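Visitor: I am new to this structure. Please show it to me, and then let us go through the terms one by one.

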Amino acid sequence: MPPKSDSVRPRKKPRQARAEATVDAILEAAARILSAEGLMGFNTNSVARVAGVSVGSLYQYFPSKEAILAEMLRRKQKNVLSALEAAFTDVEKKRADQALRDLAHAGLLHQPRTLSLAQALDYASAVLPLHEQTHEINKSIVACVGRFLTALDVPANAQMIAAQDITGMARGIMLQALRGGTAVDEDALAERVFMAVKGYLNEVRKKAGTDQPSICGT
């Protein structure tokens, strides 16, 4: 049975620099444990130990390990959204291929760099009752990708599904790279995403019967 929503909400927000540093240390420790051991080694005691704080201090902010996971996911998605919004700046002045490459880089910028951490955050996204703010951030990510698609002359009636498919493609390519067990070459990975998305969008435009030239000259 999934945890109740109250168990994944932070108990209180840090309002002073010292409290913010404590929360940051807790989240960083959680990421280190999940990267090294996955969910099997992840619990509040181990997080407190690695963070260098007492379990009591941890519970001041997070009522459960699920609450830590939910906050990690919220912050990750917020960072992804910020990167996408930055990439969208002056998009109308960019060539189509550059706009699409910027989108690929931005989408990958804040993704996990270990398979076990990526899988833990996937679990959080699929199973936990997430913060309302996280749901809103996720909607904003899809909307931001949609604005890129508008700039690339993708038909409006195809944009919602295309935005969801693009985020899924980027995620799948990233996970496949992590499964290889070697360090991720971000530039090479972004190029793979670029090529996959370029081909996909050209097919979307072709099926929609657009008379615009193919994206990126293909």
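Guide: Between domain 1 and domain 2, four residue pairs are in polar contact, both residues being at pLDDT 80 or more. This is a predicted model, where local features need pLDDT of at least 70 and side-chain atom pairs count only at pLDDT 80 or more, while totals for chains, interfaces and linings use all residues. Residues are numbered from 1 along each chain as its sequence is written, and side-chain values use heavy atoms, without hydrogens and water.

Visitor: What makes a pair count as a polar contact?

Guide: Two N or O atoms must lie within 3.5 Å; within protein, one must be able to donate a hydrogen and the other to accept it, and residues adjacent in sequence count only if both atoms are side-chain atoms.

Visitor: Why is the pair of arginine 75 and aspartate 24 called a salt bridge?

Guide: The term asks for a side-chain nitrogen of Lys or Arg within 4 Å of a carboxyl oxygen of Asp or Glu. The closest N and O atoms of arginine 75 and aspartate 24 are 2.8 Å apart, so the pair qualifies. The rule finds one salt bridge across the interface of domain 1 and domain 2.

Visitor: How many residues of domain 1 and domain 2 are in contact?

Guide: Contact means heavy atoms within 4.5 Å; 16 residues of domain 1 meet 11 residues of domain 2 in this way.

Visitor: Where do the domain bounds come from?

Guide: They come from an automatic or database domain assignment, which gives domain 1 as 14–63 and domain 2 as 66–209. Their centres, taken over C-alpha atoms, are 27 Å apart.
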